[in-house]
Amino acid sequence: MVSTLTKVIVLFSLFITLTTGKAQASPEYDRVYQLESVSWLKASDNVDGMFGDFIDDQYTKYFSGHDRFQVKKFDSLSGVLENSKAPYVSLIDNVEIIRKISKKFQIESLIRTKVYKESLTYRFVLEWVYAPKSTVLSSVEFRFADPGKEKGLIDSELPNALRNALDQLILQLPFRAQVTGIEGQVITVNIGRSRNVKPREILTIYTLQGVKIHPKLNTIEEWKWQPVGRAQVEQVEESMSFARITELEEGASVLRFQKVREILPAPPAPVQVTEKGEAPDSPRIGWIAGGVGLGSYIREASDGLSKRIGGNGLGGVIDVESMIWFNSRYLVQASLNGAFMGYSPTDLNNNSTELGESFSGTFSQLRLALGYSLFPAQTIFDTIGWVHFGYRTTNYALAGNDTTLTGGSSFDTLFLGIGGELPFRKLLTVQMNFDIGLLNSANLRAPAFGSPSTVTDLMFEVATVFHKSEKWNLRMALKLNSQSMDFTTGEAISQKLLSVGPSLLYYF
């Protein structure tokens, strides 16, 4: 008797624990309901199929710009169903046929569309069907007035009505996105900028515990969810986002294929205060960077006859650059660069024979530019691209020598260019600038070739900023200056300075 009573108590305790305790996460349902692919059957209607091709074309256009789903089309199957002796509308409602279609064509989701003409209006019914089980996940219905033959379907309100219906159909699905990758505390989800996801928004993560299907209607009556945690979006790309896990339920862990059910607005940015109770001066205007590096000076000169002299040399470079944002569209750039370099000329017409001479020279450049952002930036750390216009003056100081065709020169240029900054997950930012001279002038102090007839002036720079703190960062830049001049009597001079080096960058 005691033994039997003990067993009853133990079983009752287990029952209470299982029914009242927290369910354990089961990845099986998350894997089953991925909803990554979609297709659609040709629409049925009671007006001799007049809407079939039109709706197919509208769905194709809609999903070509919807990167959450992989589109799978099977036009041949719709033709087989249409040629069947059974009514087409009954075939696309047949549970077994939908399941066979799913198995044969590896389709997860099918959109089933029915059109009914009722008096002077048409009633459209759209259903999102989970094809492997032939269950309806969501449905939308709307009415449309006959536009008449003169206006036609394409110029009517029907295309917009179908787009809105598809938007509603997708919004009724049980989740917005799913986890596609995990690296430490950072997860990736398959939704991004194209679906209006923004940095700092909050993703609510759930695991699917089960579904309750209506035995007769074959619709899902209930989705059984268990909360897992929350993550805050850090970086948004076109069709995916990176988010950092901020909360986890007790004993829970984020797994692949778990679902994002909600995207909550970004919380207010926390205001940090100093020991004196004052808010710190966070970066909001721009940056300035300064450093030293190495440079390679390359020069080639020709007198237009028999002499062609060239060579190169190494030297040290000093580089100061800055960029300031006026607002979300306009920015200004400024830089001051200097270099000390050596130069050893060789006879290029005689197998680069050394001429036994060596020279010391300097390089200096001042650059100012005004930029216009191609799309507005919310902060100075956003991904951004711009076009810019500005002025640059460049001076090469080198001792004059007619034998080696050396001498100083200066260039003044009005230039047009493009640039951009691309951050990567708050770890680093890639910066780029490219200038091409539009109006160029040059002054050659030696040798005495006169005034040049053609002047070119180009500058290219690429840099990587390694983020160390909110304000102080390390910048590594590679810059190429290329200037040349040609003369009507055949003389030519080209000069290049390639520099590379680190600098400290300060955001202010």
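1. A salt bridge is a side-chain nitrogen of Lys or Arg within 4 Å of a carboxyl oxygen of Asp or Glu. Glutamate 118 and arginine 123 form such a pair, with their closest N and O atoms 3.0 Å apart. Glutamate 118 is partly exposed, at 27% relative accessibility, while arginine 123 is buried, with a relative accessible area of 17%. (Buried means under 20% relative accessible area, exposed over 50%, and partly exposed in between, with a 1.4 Å probe and protein chains only.)

2. On the source: this is a predicted model, in which local features need pLDDT of at least 70 and side-chain atom pairs count only at pLDDT 80 or more, whereas totals for chains, interfaces and linings use all residues. Residues are numbered from 1 along each chain as its sequence is written, and side-chain values use heavy atoms, with hydrogens and water left out.

3. A search of the whole structure finds 21 salt bridges. Side chains of opposite charge can pair when their charged atoms come close.

4. Arginine 112 takes part in a salt bridge with aspartate 93, at 3.6 Å from N to O. The pair links distant parts of the chain, 19 residues apart: aspartate 93 is in the loop between helix 5 (88–91) and helix 6 (95–105), and arginine 112 is in strand 4 (residues 109–118). Helices (H or I, at least four residues) and strands (E, at least two) are DSSP runs, numbered from the N terminus. Aspartate 93 is partly exposed at 36% relative accessibility; arginine 112 is buried at 6% relative accessible area.

5. Arginine 112 also forms a salt bridge with glutamate 127, where the closest N and O atoms are 2.8 Å apart. This pair too links distant parts of the chain, with glutamate 127 in strand 5 (residues 121–130) and arginine 112 in strand 4, 15 residues apart. Both glutamate 127 and arginine 112 are buried.

6. Asparagine 473 lies in strand 22 (residues 472–486) and is buried, at 1% relative accessibility. Its side chain reaches the backbone nitrogen of lysine 468 at 3.0 Å and the backbone oxygen of lysine 471 at 3.2 Å. Leaving aside residues up to four places away in sequence, asparagine 473 touches Val465, Phe466, His467, Lys468, Ser503, Leu504, Leu505 and Tyr507; contact means heavy atoms within 4.5 Å.

7. Glycine 184 sits in the loop between strand 7 (177–183) and strand 8 (186–189). Glycine 184 is exposed, at 58% relative accessibility. The C-alpha atoms of glycine 184 and isoleucine 245 are separated by 9.1 Å, the two residues being 61 residues apart along the chain.

Key:
A polar contact is a pair of N or O atoms within 3.5 Å; within protein, one must be able to donate a hydrogen and the other to accept it, and residues adjacent in sequence count only if both atoms are side-chain atoms.
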